[in-house]
Amino acid sequence: MQVVPQSLDGMYLIWGEPFSDERGVFRRHFCEHALREQGIDFQVAQGNLSENPTRGTLRGFHYQLAPYAEQKILTVLSGELWNVTVDLRPDSPTFLQYQVCKLKAEDRKSLLIPAGTANAFLTRRDNTLVHYYMSEAFQPDSYRGFHYNDPELAVPWPEPVTLISERDDALPTLREAGIIS
């Protein structure tokens with residue numbers, strides 16, 4: 001497995017080398033041992049699927065507070081995403097920075113998102129299916145989020161948001177959430 005550090009502290013792009021023959025393609029999708037060899041401790045507590053029938057669907061920014069802050073390994077199984085991760089760890093060298101990753105099913109890559117960050121994505125194709133491995137189970141009392149279009153971040157979304165939940169659209173700004181003063 002390839003495990004390549006990204007610009008946000010603790011974020012990695014991951015992919016398995018595919019093996020192809022007349023039956024199709026086989027690749028390793030997750031390997032705790034390979035991650036541990038890179039100094040990454042990731043144990044799966046939960047697996048989730050996000051089914052998004054409509055291009056322009058936005059989900060996020062979401063995260064969980066400690067002690068339930070979660071690492072995620074996100075993989076696009078069909079479709080395409082514009083994924084944005086924001087570092088919310090005050091002691092991190094990349095605090096309040098964000099990283100954009102374009103993920104397409106045909107690239108067969110996964111993204112390891114570190115605990116203490118918030119994540120959002122915008123679907124770039126209809127019928128985008130996203131798989132997550134989570135290091136923590138969902139804890140409703142620990143769940144938090146902030147608005148995707150926060151002017152403090154000025155994330156360059158590549159196309160208009162056409163579908164967003166009422167809950168996500170009503171999330172506070174970073175300032176309103178007390179993340180920044």
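Reader: How many residues of the lining of the largest pocket are nonpolar, how many polar and how many charged?
Author: This is a predicted model, in which local features need pLDDT of at least 70, side-chain atom pairs count only at pLDDT 80 or more, and totals for chains, interfaces and linings use all residues. Residues are numbered from 1 along each chain as its sequence is written, and side-chain values use heavy atoms, without hydrogens and water. Of the 25 lining residues, the closest to the pocket's centre are Arg-59, His-62, Lys-72, Tyr-132 and Arg-167. The lining divides into eleven nonpolar, eight polar and six charged.

Reader: Which element gives the largest share of that lining?
Author: β5 (46–52), β6, β11, β12 (128–134), β14 (163–164) and α2 (166–169) each supply at least two residues of the lining. With six residues, the largest share comes from β6.

Reader: Is Thr-117 buried or exposed?
Author: Thr-117 is found in strand β11. Leaving aside neighbours within four places in sequence, Thr-117 is in contact (heavy atoms within 4.5 Å) with His-62, Tyr-63, Thr-85, Val-86, Asp-87, Leu-88 and Arg-89. Because its relative accessibility is 5%, Thr-117 counts as buried (under 20% relative accessible area, 1.4 Å probe).

How values were computed:
Helices (H or I, at least four residues) and strands (E, at least two) are DSSP runs, numbered from the N terminus. Buried means under 20% relative accessible area, exposed over 50%, partly exposed in between (1.4 Å probe, protein chains only). On a 1 Å grid over the protein atoms alone, a cavity is a set of points where a 1.4 Å probe fits but cannot get out, and a pocket is an open set with protein on both sides within 12 Å along at least five of seven lines; lining residues have an atom within 4 Å of a point. Ala, Val, Leu, Ile, Met, Phe, Trp, Tyr, Cys and Pro count as nonpolar, Asp, Glu, Lys and Arg as charged, and the others, Gly among them, as polar.
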